[in-house]
Amino acid sequence: DLLKLSRYTRRDLDIKDLDLSRMAEDLIADLRAREPGSPAEFSVQPGLRGRGDETLIGAVLENLLGNAFKFSSRKAAPRIEFGARTQGERLEYFVQDNGAGFDMAYADKLFGAFQRLHAMDEFPGTGVGLATVQRILQRHGGSVRAEAEPGVGATFFFTLGGG
């Protein structure tokens with residue numbers, strides 16, 4: 001995961017128009033194939049577009065959707081949504097789940113490498129995914145933030161530069 005993080009932060013950007021809805025649908029199909037018995041319900045807002053490096057923005061979506069899937073897996077009826085809204089003058093994308101959530105008092109730790117808010121025996125992972133997301137979005141002139149409540153779920157909001 002550290003090697004991936006290093007590669008993502010050093011590679012040249014190939015910025016182009018992206019169909020984010022399609023990218024999310026493809027990633028969701030992969031998640032469903034890996035966990036065919038999962039009761040998770042997914043919702044993807046159609047027509048979401050953005051500009052960015054397809055590989056890197058794909059990694060952002062993969063991390064955010066994968067985390068939503070993982071952290072909602074213990075719910076009887078997991079729900080995960082990918083969408084967007086206008087926030088001020090910017091388009092803000094989001095991935096929302098009804099999973100484990102977290103205490104916002106610790107939100108500042110989310111985007112540091114190896115920072116975890118849940119024990120390894122609760123949910124597997126290295127604690128590098130959100131650090132990767134933040135660095136990729138910063139390279140695109142964007143940002144990421146989170147809102148959550150323990151036991152209720154989490155929403156990760158992100159922007160792309162110029163969006």
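Me: Which residue does arginine 145 meet in a salt bridge?
Reply: Glutamate 147. This is a predicted model, and in it the two side chains come to 2.8 Å, N to O.

Me: Why would those two pair up at all?
Reply: Side chains of opposite charge can pair when their charged atoms come close.

Me: What ring does the charged end of arginine 145 sit over?
Reply: The ring of phenylalanine 157. The charged end is 4.2 Å from the ring's centre.

Me: Ok, rings then. How many aromatic pairs does a search of the whole structure find?
Reply: Four. One of them is tyrosine 93 with phenylalanine 158. Their ring centres are 5.2 Å apart and the planes are at 25 degrees, so this pair is stacked.

Me: Where do tyrosine 93 and phenylalanine 158 lie in the chain?
Reply: In distant parts of the chain. Tyrosine 93 is in strand β5, residues 90–97. Phenylalanine 158 is in strand β7, residues 153–159. That puts them 65 residues apart.

Me: Are they buried or exposed?
Reply: Buried. Tyrosine 93 has a relative accessible area of 4%. For phenylalanine 158 the value is 0%.

Me: And how are the rings of phenylalanine 94 and phenylalanine 157 arranged?
Reply: They are tilted, because their planes are at 55 degrees, and stacked would need planes under 30 degrees apart. The centres are 6.3 Å apart.

Me: Which strands do phenylalanine 94 and phenylalanine 157 lie in?
Reply: Phenylalanine 94 lies in β5 and phenylalanine 157 in β7, so the pair ties together parts 63 residues apart in sequence. Phenylalanine 94 is buried, at 11% relative accessible area. Phenylalanine 157 is buried too, at 5%.

Me: Back to charges. How many salt bridges does the count come to?
Reply: Eight. One of them joins aspartate 19 and arginine 49, at 3.9 Å from N to O.

Me: Where do aspartate 19 and arginine 49 sit?
Reply: Aspartate 19 is in strand β1, residues 15–19. Arginine 49 is in strand β3, residues 49–53. They are 30 residues apart, and the pair links distant parts of the chain.

Me: Which residue does arginine 22 form a salt bridge with?
Reply: Aspartate 26. The closest N and O atoms are 2.9 Å apart. Both residues lie in helix α2, residues 20–34. They are four residues apart, about one turn of the helix.

Me: Which residues are linked in a network of salt bridges?
Reply: Lys16, Arg22, Asp26 and Glu54. Arginine 22 is partly exposed at 37% relative accessibility. Aspartate 26 is partly exposed at 39%.

Me: Serine 21 now. Where is its place?
Reply: In helix α2. Serine 21 is buried, with a relative accessible area of 7%.

Me: Which backbone nitrogen does its side chain reach?
Reply: The one of glycine 47, at 3.3 Å.

Me: What else is serine 21 in contact with, leaving aside neighbours within four places in sequence?
Reply: Besides Gly47, the list includes Val44, Gln45, Pro46, Leu48 and Phe82.

Me: New topic, helix α3. How many residues does it have?
Reply: Helix α3 has 18 residues, 54–71. It reaches 25 Å from its first C-alpha to its last. That is close to the 26 Å expected at 1.5 Å a residue.

Me: What happens at the start of α3?
Reply: A side-chain oxygen of aspartate 53 reaches to within 3.0 Å of the backbone nitrogen of threonine 55.

Me: Which residues of α3 are buried?
Reply: Among them are Leu56, Ile57, Val60, Leu64, Phe69 and Phe71. Asn67 is on the list of buried residues too.

Me: And in helix α4, which are buried?
Reply: Leu130, Ala131, Thr132, Val133, Ile136 and Leu137. The helix runs over residues 129–139.

Me: What follows α4?
Reply: Glycine 141. Its phi is positive, near 80 degrees.

Definitions and conventions. Residues numbered from 1 in each chain as written. Predicted model: local features only at pLDDT ≥ 70, side-chain atom pairs only at ≥ 80, totals over all residues. Heavy atoms only, no water. Buried < 20%, exposed > 50% of the residue type's maximum accessible area, 1.4 Å probe, protein only. Helix = DSSP H or I, 4+ residues; strand = E, 2+ residues; numbered from the N terminus. Expected span 1.5 Å × (residues − 1). Polar contact = N/O pair within 3.5 Å; in protein donor to acceptor, adjacent residues only side chain to side chain. Salt bridge = Lys/Arg side-chain N within 4 Å of Asp/Glu carboxyl O. Contact = heavy atoms within 4.5 Å. Phe/Tyr/Trp six-rings, centres within 6.5 Å; stacked < 30°, edge-to-face > 60°. Lys NZ or Arg CZ within 6 Å of the ring centre and 35° of its normal.
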